[in-house]
Amino acid sequence: MKKLSIAIAVLALAGAACSGTDDGGAITSPTATGGAPAGAVATDEVVGTTGNLWSPKHIVVAAGTTVEWEWEDAVGGHNVVFDNDLYRSGDPTGDGRASFEFNDTGIFDYYCEVHAPGGSGIMTGSVTVE
Ligand SMILES: [Cu+2]
């Protein structure tokens with residue numbers, strides 16, 4: 001009878017130790033899930049639109065990442081144009097898709113020609129490549 005009590009006590013302690021470890025893991029996991037897959041730097045990114053704004057407006061990706069832009073039912077159309085002739089997706093379209101692979105590090109600003117600053121909007125964004 002005494003041995004059984006000790007065994008139960010040991011199991012209870014082991015259980016307590018396990019649940020303590022699990023709690024620690026549970027606290028760590030969300031952080032790891034949120035930041036770990038890409039280490040805070042995305043390797044796969046899609047930019048959409050909210051009205052006539054890019055969303056998300058600013059993104060951070062790892063070098064070698066292909067960023068995609070998607071839009072639908074754009075009044076006047078959208079396109080993706082980077083400064084310094086880095087990339088232009090084509091003429092503005094109501095529904096569209098564009099993609100570009102970023103291999104060089106740096107901060108790259110872009111805009112939509114239809115909704116460019118100084119014109120009819122502020123449809124700008126940036127891609128930071130690390
Ligand atoms: Cu636009």
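In the predicted model, E70 stands opposite R97 in β6. This pair belongs to the contact between β4 and β6, two antiparallel strands joined by 7 bridges. Strands of a sheet pair through backbone hydrogen bonds, and the pairing may be parallel or antiparallel. On its other pairing, β4 is joined to β1, which covers residues 45-50, by 3 bridges, and here the two strands run parallel.

Taken together, 4 strands form an open sheet with the order β2-β1-β4-β6 and mixed pairing. Strands β2 (53-55) and β6 stand at the edges; each has a single partner strand, so one side of each is left without a neighbour in the sheet. Direction ignored, neighbouring strands of this sheet are turned by 25° against each other on average.

Further pairings involve β7. Strands β5 and β7 run antiparallel and are joined by 2 bridges, with F82 standing opposite Y110 of β7. Strand β7 also pairs with β8, which comprises residues 124-129, in the antiparallel sense over 6 bridges. In that pairing, Y111 stands opposite T124 of β8.

The interior was examined next. In soluble globular proteins, nonpolar side chains tend to be buried together. The largest nonpolar core of the model has 15 residues, and V67, W69 and V80 are those with the most contacts inside it. Two or more residues of this core are given by each of β4 (65-71), β6 (96-102) and β7 (106-111). Strand β4 provides the largest share, 3 residues. The surroundings of V67 illustrate the packing: leaving aside residues up to four places away in sequence, V67 touches E45, V47, I59, V61, S99, F100, F102 and V127.

Several backbone features lie in the loops. Most residues other than glycine have a negative phi, and most peptide bonds are trans. The peptide bond from S55 to P56, by contrast, is cis, with omega near 0°. P56 has its place in the loop between β2 and β3, the latter spanning residues 58-61.

Positive phi values occur at two aspartates. D73, which is not a glycine, has a phi near 50° and is placed in the loop between β4 and β5 (81-82). D73 is exposed because 7 other C-beta atoms lie within 10 Å. D85 likewise has a positive phi, of about 55°, although it is not a glycine. This residue is found in the loop between β5 and β6. With 7 other C-beta atoms within 10 Å, D85 is therefore exposed as well.

Definitions and conventions. Residues numbered from 1 in each chain as written. Predicted model: local features only at pLDDT ≥ 70, side-chain atom pairs only at ≥ 80, totals over all residues. Core = buried A, V, L, I, M, F, W, Y, C linked by C-beta atoms within 7 Å. Buried ≥ 20, exposed ≤ 12 C-beta atoms within 10 Å, placed from the backbone. Contact = placed C-beta atoms within 7 Å. Pairing = 2+ DSSP bridges. Axes fitted to C-alpha atoms, helices over the stretch in contact; angles between N-to-C directions.
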